[in-house]
Amino acid sequence: MSLYLYYFKLKVVKEKRNHLKILILCTGNSCRSQMAQGLLQSFDKNIEVHSAGTFPASMINPKAVEVMAEAGIDISKNSPKSVDEFLNDQWDYVFTVCDDANETCPLFMGKAKYRLHMGFEDPSHATGSEDFILSEFRKIRDLIKKEFWDFYIKNLKH
């Protein structure tokens with residue numbers, strides 16, 4: 001085997017080993033997990049990020065799409081998915097992002113090296129004026145960004 005071919009095979013094996021798969025779970029997969037997916041994917045295009053819910057909503061919350069667009073991230077083509085679609089895959093990290101005080105976090109019964117929880121309030125439960133509700137979505141978006149950025153820098157960035 002030529003040295004070039006050996007190097008190429010070694011490089012491909014290394015790239016496959018460094019390819020991370022992350023699944024982000026919540027109940028409806030219409031808001032927090034979608035925002036987390038978009039944000040985490042924006043940090044590193046080489047990480048495969050998906051999101052899902054135990055009881056997926058019929059569509060992504062339009063306010064989540066709006067505040068993510070404000071941050072330069074387009075999640076408008078995403079759609080809520082069932083966690084069942086991902087049970088047969090192998091994951092490096094599975095995150096739950098539900099708010100412990102208001103709901104039961106989903107359990108992931110599939111294969112995952114690490115299961116982690118980062119709890120965020122559901123901004124879709126906010127009531128009040130349109131401006132107030134949007135401010136709640138922005139607040140949660142920014143909290144998700146900070147928590148996942150910190151995790152990315154400490155644990156994933158090469």
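Predicted model: local features only at pLDDT ≥ 70, side-chain atom pairs only at ≥ 80, totals over all residues.
**Aromatic pairs and a helix packing**

Residues are numbered from 1 along each chain as its sequence is written, and side-chain values use heavy atoms, with hydrogens and water left out.

Which ring pairs with that of Tyr93? The partner is Tyr114: the ring centres are 5.1 Å apart and the planes stand at 20°, so the pair is stacked. Here rings of Phe, Tyr and Trp (for Trp, the six-membered ring) pair if their centres lie within 6.5 Å, and planes under 30 degrees apart count as stacked, over 60 as edge-to-face and the rest as tilted. This pair links distant parts of the chain, since Tyr93 sits in strand 3 (residues 90–96) and Tyr114 in strand 4 (residues 111–117), 21 residues apart. Helices (H or I, at least four residues) and strands (E, at least two) are DSSP runs, numbered from the N terminus. Tyr114 itself counts as partly exposed, because its relative accessibility is 46%.

By the ring rule there are 9 aromatic pairs. Another of them joins Phe86 and Trp91, whose centres are 5.8 Å apart and whose planes lie at 65°, so this pair is edge-to-face, and both residues are buried. Ring pairs also link Tyr93, Phe95, Tyr114, Phe148 and Phe151 into a cluster.

Let me turn to the helices. Helix 2 (residues 32–43) and helix 4 (residues 130–156) pack at an angle of about 45°, with their axes 9 Å apart; the axes are lines fitted to C-alpha atoms over the stretch in contact, and angles run from 0 to 180 degrees between N-to-C directions. The two helices are therefore oblique to each other, given that angles under 35 degrees count as roughly parallel, over 145 as roughly antiparallel, 65 to 115 as roughly perpendicular and the rest as oblique. Where they meet, with contact meaning heavy atoms within 4.5 Å, the residues of helix 2 include Met35 and Leu39, and those of helix 4 include Ile144 and Phe148.

Key: Buried < 20%, exposed > 50% of the residue type's maximum accessible area, 1.4 Å probe, protein only.
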